[in-house]
Structures are given as C-alpha cells and as structure tokens.
Amino acid sequence: MMSDLTKGRCLCGAVTYEFEGKPNWTAHCHCDSCRRNTSAPMTSFLGVDRDKIRFTGEETKTYESSPGVRRHFCGTCGSPVAYDADTYVHEIHFYLAALVNGGVKVCHWGGAKVGQFV
Ligand SMILES: [Zn+2]
C-alpha cells in the first residue's frame, strides 16, 4: 500500500514536518497579514489536525501577528512555515507552497466548496 505521508520544509531545510493522511481543507488567503508575512499577493494554506503533525527538524520561531495568532518561521532562513491560532484549537495551517510532495487543488478562501487533496 502506498504511503500517504506528506512532507514540508523551509527554504534551508532546517525546519521539516510531516503528516499522515489528507488535510482537513485547503484555501487561498490574501488578507493584509498573510500578504505581508509572505511578501506575495496571496498564499495558500492547508489545515492539518495537530495530533497528525510531526515536526522532524529544528523548532520553529514564532511571531504574534495578531492577538492569539502565531506565525511560525525558520530561525535560520526566515521562511514562513505555519499559521497557528488560539481560535483553531485542533489545527495548524501550513503554507502549501512549502510542501515537498503531495498534489493539491485549492479553492478560494470563502469559496463555495472546500478544495480537495488529491
Ligand atoms: Zn530554514
């Protein structure tokens, strides 16, 4: 049986993570905070249950971008790694562009249907 392990990493490879199975959802976000965090017109996220995630490299640094919201990034290369908020008790949101493998379809944030992980 094929493994459904999805992996991601930062630019330099110091921060690595992996999770089993499919994410709960995928979506684009272009809010002011995400645009500034990534220096891009938009970014794409996937929501993964905290209990499915394994961080396998160096520990991330965090920046509190809003009250109760933590942006995780690599302390070596500065790459954004994850969005983590008190309001999402059971999930961490990873930046889709940092995945090493796994094909994804993404819907627009607030779109009518949730994107499928394929
Ligand atoms: Zn790095």
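1. Strand 6 (residues 61-66) lies largely in the open, because the number buried among its six residues is zero. Strands are DSSP runs of E with at least two residues, numbered from the N terminus. A residue is buried if 20 or more other C-beta atoms lie within 10 Å of its own, with C-beta atoms placed from the backbone.

2. The model is predicted: local features need pLDDT of at least 70, side-chain atom pairs count only at pLDDT 80 or more, and totals for chains, interfaces and linings use all residues. Residue numbers start from 1 along each chain as its sequence is written.

3. Strand 6 pairs with strand 7 (residues 69-73) in the antiparallel sense over five bridges; pairing requires that DSSP finds at least two bridges between two strands. Tyr 63 faces Arg 71 of strand 7. Two residues separate the strands in this hairpin, where Gly 68 takes a positive phi near 80°.

4. The largest nonpolar core has 15 residues, with Val 81 and Phe 94 making the most contacts inside it. Such a core is a set of buried Ala, Val, Leu, Ile, Met, Phe, Trp, Tyr and Cys residues joined through C-beta atoms within 7 Å. Strand 4 (43-49), strand 8 (80-85) and strand 9 (91-95) are the elements that give two or more residues to this core.

Methods:
A residue is buried if 20 or more other C-beta atoms lie within 10 Å of its own, exposed if 12 or fewer, and partly exposed in between; C-beta atoms are placed from the backbone. Helices (H or I, at least four residues) and strands (E, at least two) are DSSP runs, numbered from the N terminus.
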